[in-house]
Amino acid sequence: MILPVALTVTALTGAVQHAAATTDRQLLFYNHSYGVFDRETADAIEHSDYLREFANFNLRTTTGAGGQTWTGRYLMGRETYLELFGVGDIPGQDGTLGSAGLGLGTEHDGDIEAVESRLPAEGVPNPVEFLQTRDFGDGIPVPWFDAVLTTEQYDAFGAWGMEYRPEYLADPRSNVEPASYPGDVSGERYLNDAYKDHLMRDVAGVRIAVTEGDLADTVPLLRAGGFAVRPTPGGGVVAVRGGTTIRFDKVTRADAGMKQVEFTLNRAVPYRHAEQLGNSTLVVGPGAHAVWTF
């Protein structure tokens, strides 16, 4: 994963008290996912005129905790987004072909503590906590989000729970929206409304192929966040109840990676359009949906 590399650990406090009021509530929701693809596909995505019409698309190099940098291609929706990399766009293991990750965000300030308090019951007695930061270019790291994951060891995929920090939300450079309710740390607040000028509205579903070990480390976080997790043929699982359907197929490391993304659109289109992007195909319509297969 991008996140555990050279990150600053932070203590999450008050978990037990907060969890008592949230045991029956969904705590985590799909925020974003990422995949690492071959250079041909990544370059086609980066230079595609069609994607800039289809979605609120941008290319960005980000500096996080410890000075780590990554360069991603982003499709931003109303409350979810997709992050796409080419081989080597992320340092180390995270930048290898077939690597992928999943960020599951809270919507209420303090819910990340409640997620952590649920993890021991899911077989994770010592969750990993960390603080991600973002440098806006002045060399001063701004606290970005608190996060928790089940392990720092992984083959090619990892998932983390995350909660945006008030320092980041209050920084005018973050370009976030005003809070819609007390304690609003949602993805909808984090993302601006530029999606309205494009077809793509949100990520409706993702399908990711992962190793048996990575899947075993992911399921406890999904359950702690309130997802309903059901087995699928072949040893995978599908997780629902977090706004976006998340499907995991169990494979060997050689076959791991992001395989498919489904989108909802802002409006229905009467046609079917297939856009070839390197070794991937984005099919838009007919109707108010699109499917990108890798």
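Q: What makes the pairing of the side chains of His 32 and Tyr 81 a polar contact?
A: The distance is 3.3 Å. A polar contact is a pair of N or O atoms within 3.5 Å; within protein, one must be able to donate a hydrogen and the other to accept it, and residues adjacent in sequence count only if both atoms are side-chain atoms. The pair of His 32 and Tyr 81 is therefore listed as a polar contact. This is a predicted model, where local features need pLDDT of at least 70 and side-chain atom pairs count only at pLDDT 80 or more, while totals for chains, interfaces and linings use all residues. Residues are numbered from 1 along each chain as its sequence is written, and side-chain values use heavy atoms, with hydrogens and water left out.

Q: Is His 32 buried or exposed, and how do you know?
A: Its relative accessibility is 5%. Buried means under 20% relative accessible area, exposed over 50%, and partly exposed in between (1.4 Å probe, protein chains only). His 32 is therefore buried. The residue lies in strand S1, residues 29-37; strands (E, at least two residues) and helices (H or I, at least four) are DSSP runs, numbered from the N terminus.

Q: Which residues does His 32 touch, leaving aside those up to four places away in sequence?
A: Tyr 81, Glu 83, Leu 102, Gly 103, Trp 160 and Met 162, where contact means heavy atoms within 4.5 Å.

Q: What makes Val 284 count as it does, buried or exposed?
A: Val 284 has 0% relative accessibility, so it is buried. The residue lies in strand S15. Beyond four places in sequence, the residues that Val 284 touches include Tyr 50, Phe 54, Leu 199, Leu 265 and Ala 290.

Q: How do you know whether Ser 186 is buried or exposed?
A: At 6% relative accessibility, Ser 186 counts as buried. Ser 186 is in the loop between helix H5 (166-170) and helix H6 (187-190). Its side chain makes a polar contact of 2.8 Å with the side chain of Asp 184. Thr 106, Glu 107, Tyr 164 and Tyr 181 are touched by Ser 186, again not counting residues up to four places away.

Q: What makes helix H4 (residues 111-118) mostly covered?
A: Seven of the eight residues in H4 are buried. Among them are Asp 111, Glu 113, Glu 116 and Arg 118.

Q: How do you know that the chain agrees with a compact globule?
A: For 294 residues the globule rule, 2.2 Å times the number of residues to the power 0.38, is set against a radius of gyration taken over C-alpha atoms. A compact globule would have a value near 19 Å and the chain has 18 Å, which agrees. Of the 294 residues, 57% count as buried. The chain has seven helices and 16 strands.
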